[in-house]
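Please find below a short note for a colleague who is new to this structure. The model is shown first, and the points follow.

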Amino acid sequence: MENNAVKDLISGTVGGVAQLICGHPFDTIKVKLQSQPVPPPGQPPRFAGAMDAVRQTIAAEGPRGLYKGMGAPLATVAALNAVLFTARGQMETLVRTEPGMPLSVGQQVICGAGAGVAVSMLACPTELVKCRLQAQSALATGEAAAVATAGTTTGASTVIAASIKYNGPIDVAKHVLKSEGGIRGLFKGLAPTLAREVPGNAVMFGVYESLKQYFAGGRDTSGLGQLALLTSGGLSGAAFWLAVYPTDVVKSVIQVDDFRRPKYSGAIDAFKKIAASEGIKGLYKGFGPAMARSVPANAACFLAYEVTRSSLG
């Protein structure tokens, strides 16, 4: 068991790095779209859509702007994916009826849910840091636009200067620990993180196993080629977001909410206010970039995991 856990640890790390490199620019655009403020009446939104967000980000910050906030997940991606795949591996040991027996789709769903609980504990503070770095320029511009609309142009530059306050991941963490309740502040958004990771990973690993069994034609799935693994991984990642996307929107808006003048008292309040002000469409802001990211990023992740796991024997 210990040997398998080490293999899952190493393979999950490699898979996570592949996932992050492929997917982070899409994730940046997703968070920018999710967290942009509702514009004042009669004013257009900060970003007209995903491509407009890409253009504005590159124009204002260069291509590096698409990788803003990557430091936090890169520093912890090893731990995140190691926890996810190792927890799933340990869950497999618990639910397997006979040693060496392959797991059914239903058993993989259970394993995915259990792994989702474990990974949420690390994903929540990591994503809080990432989301604040990704969203701060859009939020600052949105606040400045609101001030300018009220006729106080000088106030607009003051708002931008005051709002953009993070110099990097460590700066975000220090600020939260000092001003937002210490360790508890880093776990802001834990409830929607759990609501995303538990059912999301249950669906993802269930779909992944189903597709592998389909491509294997009822035979042993360990001999599947890279194309089948890429396809299974990509589609299972898409299934994750299809199942739980609104919870990710709620998580993002709570994590970037200003603690000095919060708009939301919790996850349920955020859900109700977004639905009331923007309709169901508001709960799917950034859905396009998320789906565009999920297929290549998860395809890369699962392929890297399987190839590494196989090479370790």
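Predicted model: local features only at pLDDT ≥ 70, side-chain atom pairs only at ≥ 80, totals over all residues.

1. Residues are numbered from 1 along each chain as its sequence is written, and side-chain values use heavy atoms, with hydrogens and water left out.

2. The structure holds 17 salt bridges (a side-chain nitrogen of Lys or Arg within 4 Å of a carboxyl oxygen of Asp or Glu). Asp27, Lys30, Glu127, Lys130, Arg196, Glu197, Asp248 and Lys251 are linked in a network of them.

3. Lys130 and Asp27 pair through their side chains at 2.7 Å, N to O. Lys130 lies in helix H4 (residues 105-149) and Asp27 in helix H1, so the pair ties together parts that are 103 residues apart in sequence. Helices are DSSP runs (H or I, at least four residues), numbered from the N terminus.

4. Glu127 forms a salt bridge with Arg196, the closest N and O atoms being 2.8 Å apart. This pair links helix H8, which holds Arg196, to helix H4, which holds Glu127, 69 residues apart. Both Arg196 and Glu127 are buried (under 20% relative accessible area, 1.4 Å probe, protein chains only).

5. Helix H8 (residues 190-216) has 27 residues and should span 39 Å at 1.5 Å a residue; its end C-alpha atoms are 38 Å apart, which agrees. The expected span is 1.5 Å times one less than the number of residues. Gly217 follows H8, with a positive phi near 65°.

Conventions
Helix = DSSP H or I, 4+ residues; strand = E, 2+ residues; numbered from the N terminus. Buried < 20%, exposed > 50% of the residue type's maximum accessible area, 1.4 Å probe, protein only.
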